[in-house]
Amino acid sequence: MVRYVIKFGIIIGISAPIYFAIRKLWLKKACDNIRPGNMLAVREIAMGCFVLFHIGLLALTLEGEYGNPLWMAQRGADRLIEGDGVNLVPFRSIGGFFSNFDLDAFMVNIVGNIVMFMPWGFGMILLWGNRRKIFTVCLHSLLLPLFIESAQLFIGRSVDVDDLLLNFIGSCLGACLYALLAERFPQIKASVSFKKIPARY
């Protein structure tokens, strides 16, 4: 667990200067108006945290064996047919972690798969208000983990429907957390309300 956290921190540390340099170029003169306490600044901080977290998430989950696209596609098809590292039976893996309990494995595979997707659900409706409908939240909560699990089929990583389920639960919990906090602290919604910023000035 600690190893994943350290690697995640390194990825964020490397990505942050690149992200903010690109973001500043995109905002151009708008950046001159960003000051601490400014609503635009609050939104930019929230956006930065959201993007950087998911850069780290994708870097960790999409780490694998890459090669010729045709070879990768063939390997993915073969794995799916043979069931090599592929679990399509719901709750099989989850049940295994409970029946053969190991704290470190449980924290990484159960708790980790839930917690690491909470920012996806939370940030999605925090930053983009048009995604606050239940169906939209559920759809987007499914799309990201579905993309990751599908991609892992072709890069030699394990593919597990239970990971998809846990990721989906985590994202929905993140959305619920936002809803609870927004009801208790309405200023959260107001502070990052979407403002379209022209790319050029």
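**Reading the surface and salt bridges of a predicted model**

The accessible surface of the protein comes to about 12,100 Å², and 71% of that surface belongs to carbon and sulfur atoms; such areas come from the Shrake-Rupley method with a 1.4 Å probe, and for residues only the protein chains shown count as cover. This is a predicted model, in which local features need pLDDT of at least 70 and side-chain atom pairs count only at pLDDT 80 or more, while totals for chains, interfaces and linings use all residues. Residues are numbered from 1 along each chain as its sequence is written, and side-chain values use heavy atoms, with hydrogens and water left out.

Me: Why is I14 called exposed?
Reply: Exposed means over 50% relative accessible area, buried means under 20%, and partly exposed lies in between (1.4 Å probe, protein chains only). I14 has 56% relative accessibility, so I14 counts as exposed. Its place is in helix α1, residues 2-27, where helices (H or I, at least four residues) and strands (E, at least two) are DSSP runs numbered from the N terminus.

Me: What makes the nonpolar surface patch that includes I14?
Reply: The patch of about 620 Å² is made by V2, I6, I10, I14, I18 and I22. Patches consist of residues with over 30% relative accessible area and no salt bridge, like charges being joined within 9 Å and nonpolar side chains (Val, Leu, Ile, Met, Phe, Trp, Tyr) within 5 Å.

Me: Why is the pair K7 and E63 called a salt bridge?
Reply: A salt bridge is a side-chain nitrogen of Lys or Arg within 4 Å of a carboxyl oxygen of Asp or Glu. The closest N and O atoms of K7 and E63 are 3.3 Å apart, and the pair forms a salt bridge. K7 lies in helix α1 and E63 in the loop between α2 (39-61) and α3 (69-82), so this pair ties together parts that are 56 residues apart in sequence.

Me: What do R23 and E44 tie together?
Reply: R23 and E44 form a salt bridge, their closest N and O atoms being 2.8 Å apart. Because R23 lies in helix α1 and E44 in helix α2, the pair ties together parts that are 21 residues apart in sequence. Both R23 and E44 are buried.
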